[in-house]
Amino acid sequence: MADNRRPETMERITTPALAEAFIAEQIEALRAQVGDGKVLLALSGGVDSSVVAALLIKAIGQNLTCVHVNHGLLRKGEPEQVIRVFQEEMNANLIYIDAVDRFLDKLAGVSDPETKRKIIGSEFIDVFAEEARKLEDVRFLGQGTIYPDILESEAGVKAHHNVGGLPEDLKDRFELVEPVKFLYKDEVRMVGKALGLPASMVDRQPFPGPGLGVRCTGAITRDRLEAVRESDAIVREEFAAAGLAGKVWQYFTIVPDYKSTGITAGGERTFDWPVVIRAVNSVDATAATAEPLDWALINKITDRITHEVKGVNRVLYDVTPKPTGTIEWE
Ligand code: XMP
(Lines give C-alpha, C1' and ligand atoms only; values in the text may rest on other atoms or scores of the structure.)
Protein backbone atom coordinates (compact mmCIF):
# COMPACT_ATOMS: atom_id res chain seq x y z
CA MET A 1 0.00 0.00 0.00
CA ALA A 2 2.88 2.35 0.82
CA ASP A 3 3.88 2.62 -2.85
CA ASN A 4 0.35 3.63 -3.62
CA ARG A 5 0.56 6.85 -1.61
CA ARG A 6 1.63 10.11 -3.13
CA PRO A 7 4.76 11.14 -1.21
CA GLU A 8 4.00 14.03 1.12
CA THR A 9 7.07 15.86 -0.11
CA MET A 10 5.90 15.78 -3.72
CA GLU A 11 5.27 19.29 -4.95
CA ARG A 12 2.08 20.00 -6.87
CA ILE A 13 2.91 20.46 -10.58
CA THR A 14 1.52 23.91 -11.32
CA THR A 15 4.05 25.42 -13.74
CA PRO A 16 5.77 24.35 -16.98
CA ALA A 17 9.12 24.36 -15.12
CA LEU A 18 7.81 21.89 -12.53
CA ALA A 19 6.42 19.75 -15.36
CA GLU A 20 9.85 19.73 -17.02
CA ALA A 21 11.46 18.69 -13.75
CA PHE A 22 8.92 15.87 -13.34
CA ILE A 23 9.60 14.68 -16.91
CA ALA A 24 13.38 14.62 -16.37
CA GLU A 25 12.94 12.70 -13.11
CA GLN A 26 10.53 10.19 -14.65
CA ILE A 27 12.77 9.52 -17.64
CA GLU A 28 15.53 8.50 -15.20
CA ALA A 29 13.10 6.44 -13.09
CA LEU A 30 11.65 4.67 -16.15
CA ARG A 31 15.12 3.80 -17.44
CA ALA A 32 16.05 2.49 -14.00
CA GLN A 33 12.91 0.34 -13.78
CA VAL A 34 12.88 -1.04 -17.31
CA GLY A 35 16.56 -1.12 -18.28
CA ASP A 36 16.74 -2.50 -21.80
CA GLY A 37 13.46 -4.39 -21.32
CA LYS A 38 10.40 -3.86 -23.51
CA VAL A 39 7.14 -2.19 -22.54
CA LEU A 40 3.67 -2.68 -23.99
CA LEU A 41 1.04 0.05 -23.71
CA ALA A 42 -2.61 0.23 -24.74
CA LEU A 43 -2.82 3.73 -26.21
CA SER A 44 -6.39 4.99 -26.45
CA GLY A 45 -5.52 8.55 -27.36
CA GLY A 46 -6.94 9.81 -24.06
CA VAL A 47 -4.87 12.17 -21.92
CA ASP A 48 -3.46 9.65 -19.45
CA SER A 49 -2.29 6.95 -21.84
CA SER A 50 -0.97 9.59 -24.26
CA VAL A 51 1.17 11.18 -21.56
CA VAL A 52 2.50 7.77 -20.47
CA ALA A 53 3.31 6.96 -24.12
CA ALA A 54 5.14 10.26 -24.63
CA LEU A 55 7.18 9.77 -21.42
CA LEU A 56 8.11 6.22 -22.39
CA ILE A 57 9.06 7.25 -25.92
CA LYS A 58 11.47 9.79 -24.42
CA ALA A 59 12.83 7.27 -21.94
CA ILE A 60 13.14 4.08 -24.00
CA GLY A 61 12.20 4.92 -27.60
CA GLN A 62 11.70 1.82 -29.73
CA ASN A 63 11.56 -0.48 -26.71
CA LEU A 64 8.01 0.77 -26.20
CA THR A 65 5.27 -0.86 -28.27
CA CYS A 66 1.97 1.03 -28.31
CA VAL A 67 -1.21 -0.75 -29.32
CA HIS A 68 -4.09 1.41 -30.50
CA VAL A 69 -7.35 -0.51 -30.81
CA ASN A 70 -9.96 1.18 -32.98
CA HIS A 71 -13.22 -0.35 -31.72
CA GLY A 72 -15.34 1.79 -34.01
CA LEU A 73 -16.71 3.79 -31.07
CA LEU A 74 -14.14 6.58 -31.13
CA ARG A 75 -14.89 10.17 -32.05
CA LYS A 76 -14.34 11.50 -35.54
CA GLY A 77 -10.63 11.93 -36.28
CA GLU A 78 -9.33 10.21 -33.12
CA PRO A 79 -7.59 7.15 -34.60
CA GLU A 80 -6.03 9.41 -37.25
CA GLN A 81 -4.76 11.77 -34.54
CA VAL A 82 -3.16 8.93 -32.58
CA ILE A 83 -1.36 7.74 -35.71
CA ARG A 84 -0.29 11.25 -36.69
CA VAL A 85 1.00 12.30 -33.27
CA PHE A 86 2.65 9.08 -32.15
CA GLN A 87 3.73 7.30 -35.31
CA GLU A 88 4.46 10.19 -37.63
CA GLU A 89 5.61 12.91 -35.24
CA MET A 90 7.14 10.94 -32.36
CA ASN A 91 8.28 7.94 -34.38
CA ALA A 92 6.71 5.52 -31.90
CA ASN A 93 6.54 1.82 -32.46
CA LEU A 94 2.74 1.74 -32.91
CA ILE A 95 0.51 -1.20 -33.77
CA TYR A 96 -2.84 0.04 -35.10
CA ILE A 97 -5.60 -2.53 -34.90
CA ASP A 98 -8.73 -1.98 -36.92
CA ALA A 99 -11.21 -3.98 -34.83
CA VAL A 100 -14.29 -2.05 -35.97
CA ASP A 101 -16.10 -4.98 -37.61
CA ARG A 102 -15.24 -7.30 -34.77
CA PHE A 103 -16.76 -5.00 -32.12
CA LEU A 104 -19.81 -3.99 -34.15
CA ASP A 105 -20.56 -7.61 -35.06
CA LYS A 106 -20.42 -8.62 -31.39
CA LEU A 107 -22.66 -5.71 -30.43
CA ALA A 108 -25.23 -6.25 -33.18
CA GLY A 109 -28.71 -6.65 -31.73
CA VAL A 110 -27.56 -6.08 -28.11
CA SER A 111 -29.72 -3.39 -26.51
CA ASP A 112 -29.10 -3.72 -22.76
CA PRO A 113 -26.69 -0.95 -21.67
CA GLU A 114 -24.75 -3.03 -19.12
CA THR A 115 -24.40 -5.94 -21.54
CA LYS A 116 -23.11 -3.53 -24.20
CA ARG A 117 -20.52 -2.17 -21.73
CA LYS A 118 -19.42 -5.69 -20.78
CA ILE A 119 -19.04 -6.77 -24.41
CA ILE A 120 -16.98 -3.68 -25.23
CA GLY A 121 -14.75 -4.18 -22.16
CA SER A 122 -14.14 -7.89 -22.63
CA GLU A 123 -13.65 -7.62 -26.38
CA PHE A 124 -11.06 -4.93 -25.74
CA ILE A 125 -9.15 -7.21 -23.37
CA ASP A 126 -9.35 -10.06 -25.92
CA VAL A 127 -7.96 -7.94 -28.75
CA PHE A 128 -5.20 -6.54 -26.54
CA ALA A 129 -4.32 -9.99 -25.13
CA GLU A 130 -4.03 -11.41 -28.66
CA GLU A 131 -1.45 -8.73 -29.49
CA ALA A 132 0.36 -9.22 -26.17
CA ARG A 133 0.74 -12.97 -26.83
CA LYS A 134 2.43 -12.20 -30.15
CA LEU A 135 5.03 -10.06 -28.35
CA GLU A 136 6.62 -12.79 -26.28
CA ASP A 137 9.67 -10.87 -25.15
CA VAL A 138 7.72 -8.02 -23.52
CA ARG A 139 7.75 -8.14 -19.70
CA PHE A 140 6.45 -4.69 -18.78
CA LEU A 141 2.98 -3.23 -19.13
CA GLY A 142 2.57 0.56 -19.21
CA GLN A 143 -0.59 2.00 -17.71
CA GLY A 144 -2.10 5.47 -17.50
CA THR A 145 -3.23 5.05 -13.90
CA ILE A 146 -3.58 8.45 -12.19
CA TYR A 147 -3.90 9.26 -8.48
CA PRO A 148 -7.72 9.65 -8.39
CA ASP A 149 -7.94 6.12 -9.93
CA ILE A 150 -5.99 4.74 -6.96
CA LEU A 151 -8.05 6.67 -4.43
CA GLU A 152 -11.35 5.65 -6.06
CA SER A 153 -10.35 1.98 -6.29
CA GLU A 154 -9.43 2.00 -2.61
CA ALA A 155 -12.70 3.66 -1.69
CA GLY A 156 -14.52 1.01 -3.72
CA VAL A 157 -16.10 3.66 -5.95
CA LYS A 158 -14.78 2.33 -9.23
CA ALA A 159 -12.93 -0.74 -10.33
CA HIS A 160 -10.12 0.27 -12.61
CA HIS A 161 -8.82 -1.50 -15.64
CA ASN A 162 -5.49 -2.93 -14.76
CA VAL A 163 -3.51 -6.10 -15.12
CA GLY A 164 -6.26 -7.85 -13.11
CA GLY A 165 -8.47 -7.68 -16.18
CA LEU A 166 -6.04 -9.70 -18.28
CA PRO A 167 -6.45 -13.45 -18.84
CA GLU A 168 -4.55 -15.83 -16.51
CA ASP A 169 -1.72 -16.60 -18.94
CA LEU A 170 -0.79 -12.91 -19.15
CA LYS A 171 -1.55 -11.74 -15.63
CA ASP A 172 1.71 -12.87 -14.10
CA ARG A 173 3.86 -12.00 -17.05
CA PHE A 174 3.89 -8.25 -16.64
CA GLU A 175 5.44 -5.82 -14.23
CA LEU A 176 3.46 -2.58 -14.24
CA VAL A 177 4.95 0.73 -15.35
CA GLU A 178 2.82 3.62 -14.08
CA PRO A 179 4.73 6.89 -14.30
CA VAL A 180 1.77 9.22 -13.63
CA LYS A 181 0.14 7.26 -10.83
CA PHE A 182 0.69 10.02 -8.26
CA LEU A 183 -0.56 12.83 -10.47
CA TYR A 184 -3.92 14.55 -10.47
CA LYS A 185 -5.59 15.23 -13.81
CA ASP A 186 -4.54 18.89 -14.03
CA GLU A 187 -0.93 17.82 -13.42
CA VAL A 188 -1.14 15.15 -16.13
CA ARG A 189 -2.36 17.85 -18.53
CA MET A 190 0.48 20.16 -17.52
CA VAL A 191 3.01 17.37 -18.13
CA GLY A 192 1.33 16.53 -21.48
CA LYS A 193 1.74 20.11 -22.63
CA ALA A 194 5.39 20.15 -21.59
CA LEU A 195 5.88 16.92 -23.57
CA GLY A 196 4.58 18.72 -26.67
CA LEU A 197 1.32 16.84 -27.04
CA PRO A 198 -1.35 18.80 -28.97
CA ALA A 199 -3.86 20.83 -26.92
CA SER A 200 -6.74 18.91 -28.54
CA MET A 201 -5.36 15.76 -26.90
CA VAL A 202 -4.24 17.21 -23.57
CA ASP A 203 -7.33 19.32 -22.88
CA ARG A 204 -9.81 16.70 -24.00
CA GLN A 205 -13.14 16.53 -22.23
CA PRO A 206 -13.93 13.30 -20.35
CA PHE A 207 -14.78 10.45 -22.71
CA PRO A 208 -16.19 7.11 -21.52
CA GLY A 209 -14.27 3.90 -22.19
CA PRO A 210 -17.21 2.39 -24.13
CA GLY A 211 -17.07 5.53 -26.25
CA LEU A 212 -19.89 6.47 -28.59
CA GLY A 213 -21.44 3.07 -27.82
CA VAL A 214 -23.26 4.55 -24.80
CA ARG A 215 -24.50 7.45 -26.93
CA CYS A 216 -26.01 5.28 -29.66
CA THR A 217 -28.74 4.02 -27.38
CA GLY A 218 -30.17 0.52 -27.60
CA ALA A 219 -28.79 -1.87 -30.20
CA ILE A 220 -25.98 -0.12 -32.09
CA THR A 221 -26.36 0.11 -35.85
CA ARG A 222 -23.66 1.43 -38.15
CA ASP A 223 -25.81 4.17 -39.66
CA ARG A 224 -26.97 5.50 -36.29
CA LEU A 225 -23.41 5.31 -34.96
CA GLU A 226 -22.26 7.48 -37.88
CA ALA A 227 -25.03 9.95 -36.99
CA VAL A 228 -23.63 10.11 -33.42
CA ARG A 229 -20.06 10.58 -34.69
CA GLU A 230 -20.94 13.25 -37.27
CA SER A 231 -23.24 15.23 -34.97
CA ASP A 232 -20.62 15.07 -32.17
CA ALA A 233 -18.03 16.50 -34.57
CA ILE A 234 -20.39 19.37 -35.50
CA VAL A 235 -21.08 20.17 -31.83
CA ARG A 236 -17.36 20.17 -31.05
CA GLU A 237 -16.64 22.45 -34.02
CA GLU A 238 -19.39 24.91 -33.13
CA PHE A 239 -18.46 24.97 -29.43
CA ALA A 240 -14.87 25.71 -30.39
CA ALA A 241 -15.98 28.47 -32.79
CA ALA A 242 -18.14 29.99 -30.02
CA GLY A 243 -15.19 29.98 -27.59
CA LEU A 244 -16.77 27.33 -25.35
CA ALA A 245 -14.15 24.59 -25.75
CA GLY A 246 -12.48 24.14 -22.39
CA LYS A 247 -15.15 26.27 -20.70
CA VAL A 248 -18.03 23.77 -20.74
CA TRP A 249 -17.05 20.60 -18.89
CA GLN A 250 -18.46 17.99 -21.27
CA TYR A 251 -20.59 18.18 -24.42
CA PHE A 252 -21.66 15.61 -26.95
CA THR A 253 -24.64 14.15 -28.77
CA ILE A 254 -26.87 11.11 -28.37
CA VAL A 255 -28.91 9.40 -31.07
CA PRO A 256 -31.82 7.43 -29.56
CA ASP A 257 -33.17 4.35 -31.30
CA TYR A 258 -36.54 5.75 -32.33
CA LYS A 259 -37.73 7.89 -35.17
CA SER A 260 -40.15 10.77 -35.61
CA THR A 261 -41.92 12.35 -38.53
CA GLY A 262 -40.50 15.41 -40.26
CA ILE A 263 -40.71 17.33 -43.52
CA THR A 264 -38.10 18.54 -46.02
CA ALA A 265 -37.92 22.08 -47.41
CA GLY A 266 -39.39 20.59 -50.59
CA GLY A 267 -42.43 19.32 -48.70
CA GLU A 268 -41.50 15.64 -48.57
CA ARG A 269 -42.34 13.61 -45.50
CA THR A 270 -39.41 12.10 -43.57
CA PHE A 271 -39.24 9.54 -40.80
CA ASP A 272 -35.82 9.86 -39.16
CA TRP A 273 -33.89 9.94 -35.87
CA PRO A 274 -33.51 12.87 -33.51
CA VAL A 275 -30.12 14.06 -32.23
CA VAL A 276 -29.99 15.05 -28.56
CA ILE A 277 -27.36 17.59 -27.48
CA ARG A 278 -25.97 17.26 -23.95
CA ALA A 279 -23.70 19.99 -22.52
CA VAL A 280 -22.99 19.94 -18.80
CA ASN A 281 -20.84 21.53 -16.15
CA SER A 282 -19.50 19.53 -13.26
CA VAL A 283 -16.58 19.36 -10.88
CA ASP A 284 -16.17 15.62 -10.47
CA ALA A 285 -19.04 14.10 -12.50
CA THR A 286 -21.02 13.12 -9.40
CA ALA A 287 -23.40 16.04 -9.98
CA ALA A 288 -23.89 18.24 -13.02
CA THR A 289 -25.93 21.13 -14.38
CA ALA A 290 -26.88 21.77 -18.00
CA GLU A 291 -25.01 24.66 -19.65
CA PRO A 292 -27.40 27.55 -20.45
CA LEU A 293 -26.54 27.54 -24.15
CA ASP A 294 -27.02 30.61 -26.27
CA TRP A 295 -30.13 30.28 -28.45
CA ALA A 296 -28.30 31.42 -31.60
CA LEU A 297 -25.73 28.66 -31.06
CA ILE A 298 -28.47 26.04 -30.61
CA ASN A 299 -30.06 27.24 -33.86
CA LYS A 300 -26.76 27.11 -35.74
CA ILE A 301 -26.00 23.58 -34.51
CA THR A 302 -29.55 22.45 -35.30
CA ASP A 303 -29.31 23.84 -38.81
CA ARG A 304 -26.00 22.08 -39.44
CA ILE A 305 -27.01 18.74 -37.94
CA THR A 306 -30.34 18.55 -39.76
CA HIS A 307 -28.68 19.44 -43.09
CA GLU A 308 -25.36 17.61 -42.77
CA VAL A 309 -26.10 14.43 -40.83
CA LYS A 310 -27.76 11.62 -42.71
CA GLY A 311 -30.94 10.12 -41.27
CA VAL A 312 -31.65 12.95 -38.82
CA ASN A 313 -34.63 15.33 -38.94
CA ARG A 314 -34.85 16.79 -35.43
CA VAL A 315 -32.57 18.20 -32.68
CA LEU A 316 -33.29 18.39 -28.96
CA TYR A 317 -31.39 19.97 -26.06
CA ASP A 318 -31.27 17.98 -22.83
CA VAL A 319 -31.59 20.49 -19.96
CA THR A 320 -31.70 17.85 -17.20
CA PRO A 321 -29.32 18.24 -14.24
CA LYS A 322 -27.65 15.27 -12.55
CA PRO A 323 -29.50 14.17 -10.50
CA THR A 324 -31.99 13.22 -11.93
CA GLY A 325 -30.37 12.42 -15.26
CA THR A 326 -26.91 10.90 -15.47
CA ILE A 327 -24.52 12.70 -17.81
CA GLU A 328 -24.50 9.85 -20.35
CA TRP A 329 -27.81 8.37 -21.50
CA GLU A 330 -26.70 4.78 -20.91
P1 XMP B 1 -22.66 9.46 -15.74
O2 XMP B 1 -23.33 9.10 -17.04
O3 XMP B 1 -22.58 8.30 -14.79
O4 XMP B 1 -21.17 9.82 -16.11
O5 XMP B 1 -23.26 10.66 -15.08
C6 XMP B 1 -20.25 10.43 -15.26
C7 XMP B 1 -18.96 10.67 -16.02
O8 XMP B 1 -18.31 9.41 -16.28
C9 XMP B 1 -18.18 9.20 -17.70
N10 XMP B 1 -18.51 7.79 -17.93
C11 XMP B 1 -17.62 6.81 -18.10
N12 XMP B 1 -16.28 6.85 -18.13
N13 XMP B 1 -16.24 4.51 -18.54
C14 XMP B 1 -15.60 5.70 -18.35
O15 XMP B 1 -14.37 5.70 -18.40
C16 XMP B 1 -17.58 4.40 -18.51
O17 XMP B 1 -18.14 3.31 -18.68
C18 XMP B 1 -18.30 5.61 -18.28
N19 XMP B 1 -19.62 5.90 -18.18
C20 XMP B 1 -19.72 7.23 -17.97
C21 XMP B 1 -19.17 10.16 -18.35
O22 XMP B 1 -18.77 10.51 -19.66
C23 XMP B 1 -19.15 11.31 -17.39
O24 XMP B 1 -18.04 12.16 -17.62
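Modeller: A crossing of two helices is called left-handed if the near helix is turned anticlockwise from the far one by less than a right angle, and right-handed if it is turned clockwise. In this predicted model, helix α1 passes helix α2 in a right-handed crossing.

Biologist: How is the packing of two helices described in general, and at what angle do the axes of α1 and α2 cross?

Modeller: Two packed helices are described by the angle between their axes and by the distance between those axes. Here the axes of α1, residues 16–34, and α2 come within 9 Å and cross at roughly 65°. Angles of 65 to 115 degrees count as roughly perpendicular, and α1 and α2 are therefore roughly perpendicular to each other.

Biologist: Which residues of α1 and α2 make the contact?

Modeller: On the side of α1 they are Phe 22, Ile 23, Gln 26, Ile 27, Leu 30, Arg 31 and Val 34, while α2 contributes Leu 55, Leu 56, Lys 58, Ala 59 and Ile 60. Sorted by class, this contact of α1 with α2 holds nine nonpolar, one polar and two charged residues.

Biologist: Across which strands does α2 lie?

Modeller: Helix α2, residues 47–60, lies across β1 (39–42), β2 and β5, and runs at about 160° to β1.

Biologist: In what order do the strands of the open sheet follow one another?

Modeller: The open sheet has five strands in the order β3-β2-β1-β4-β5, with parallel pairing. Its edge strands are β3 (93–98) and β5 (175–177), each of which pairs on one side only, and the twist averages 25° from one strand to the next.

Biologist: Where do the bounds of domain 1 and domain 2 fall, and how many residues of each are in contact?

Modeller: The domain assignment of the protein gives domain 1 as 2–202 and domain 2 as 215–318. Their C-alpha centres lie 30 Å apart, and 13 residues of domain 1 are in contact with 12 residues of domain 2.

Biologist: How do the axes of α10 and α11 cross?

Modeller: The axes of α10 (residues 222–241) and α11 (residues 295–308) come within 10 Å and cross at roughly 150°, which makes α10 roughly antiparallel to α11. The crossing in which α10 passes α11 is right-handed. Among the residues that meet are Ile 234, Val 235 and Glu 238 in α10 and Leu 297, Ile 301 and Arg 304 in α11. By class, this contact of α10 with α11 has six nonpolar, one polar and five charged residues.

Notes. Residues are numbered from 1 along each chain as its sequence is written. This is a predicted model: local features need pLDDT of at least 70, side-chain atom pairs count only at pLDDT 80 or more; totals for chains, interfaces and linings use all residues. Side-chain values use heavy atoms; hydrogens and water are left out. Axes are lines fitted to C-alpha atoms, for helices over the stretch in contact, and angles run from 0 to 180 degrees between N-to-C directions. Helices (H or I, at least four residues) and strands (E, at least two) are DSSP runs, numbered from the N terminus. Angles under 35 degrees count as roughly parallel, over 145 as roughly antiparallel, 65 to 115 as roughly perpendicular and the rest as oblique. Contact means heavy atoms within 4.5 Å. Ala, Val, Leu, Ile, Met, Phe, Trp, Tyr, Cys and Pro count as nonpolar, Asp, Glu, Lys and Arg as charged, and the others, Gly among them, as polar. Two strands pair if DSSP finds at least two bridges between them. Domain bounds come from an automatic or database domain assignment.
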